[in-house]
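Here is a short tour of a protein model, written for someone who likes to keep the structure open while reading. Please have a look at the chain below before going on.

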Amino acid sequence: MGKRKSRAKPPPKKRMDKLDTVFSCPFCNHGTGVECRIDMKNLIGEASCRICQESFSTTVTGIGI
């Protein structure tokens, strides 16, 4: 008699690393001046520099809610 084949367990899912939330500013070139936030309720992403007060905001798409 033959041995039954055991079912292989699926490989564990890889977790994504958390993204950075602090970057260098492209306008004033300060090292850790830009802070990023995502408003999940309104689906708006915002990046703003604490040094030169520049800011950018955009709608966010493709987030698995």
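## About the model

This is a predicted model, in which local features need pLDDT of at least 70 and side-chain atom pairs count only at pLDDT 80 or more, while totals for chains, interfaces and linings use all residues. Residues are numbered from 1 along each chain as its sequence is written, and side-chain values use heavy atoms, with hydrogens and water left out.

## Overall fold

In total the protein has four strands and zero helices. Both are DSSP runs numbered from the N terminus, with helices (H or I) needing at least four residues and strands (E) at least two. The protein is more spread out than a compact globule, because its radius of gyration is 22 Å, well over the 11 Å that the globule rule gives for 65 residues. That radius is taken over C-alpha atoms, and the rule is 2.2 Å times the number of residues to the power 0.38. Along the principal axes, the C-alpha trace spans about 75 × 30 × 15 Å.

## Surface and contacts

How many of the 65 residues count as buried? The share is 11%, where buried means under 20% relative accessible area, exposed means over 50%, and partly exposed lies in between (1.4 Å probe, protein chains only). The accessible surface of the protein comes to about 6700 Å², calculated by the Shrake-Rupley method with a 1.4 Å probe. Carbon and sulfur atoms account for 55% of that surface.

## A network of salt bridges

Side chains of opposite charge can pair when their charged atoms come close. The structure holds three salt bridges, each a side-chain nitrogen of Lys or Arg within 4 Å of a carboxyl oxygen of Asp or Glu. Together they link Glu35, Arg37, Glu46 and Arg50 in a network.

Glu35 pairs with Arg37, with the closest N and O atoms 2.9 Å apart. Glu35 also forms a salt bridge with Arg50, where the closest N and O atoms are 3.8 Å apart. This second pair links distant parts of the chain, 15 residues apart: Glu35 is in strand S2 (residues 34-39), and Arg50 is in the loop between strand S3 (44-49) and strand S4 (55-59). Arg37 in turn meets Glu46 at 3.5 Å, N to O. Each member is partly exposed: Glu35 has a relative accessible area of 29%, Arg37 has 39%, Glu46 has 33% and Arg50 has 47%.

## Two backbone details

Most residues other than glycine have a negative phi, and most peptide bonds are trans. Which residues have a positive phi here? Asn29 is one of them, with phi near 60 degrees. Asn29 is found in the loop between strand S1 (22-23) and S2, and with 64% relative accessibility Asn29 counts as exposed.

Leu43 also has a positive phi, near 55 degrees. Its place is in the loop between S2 and S3, and at 30% relative accessibility Leu43 is partly exposed.
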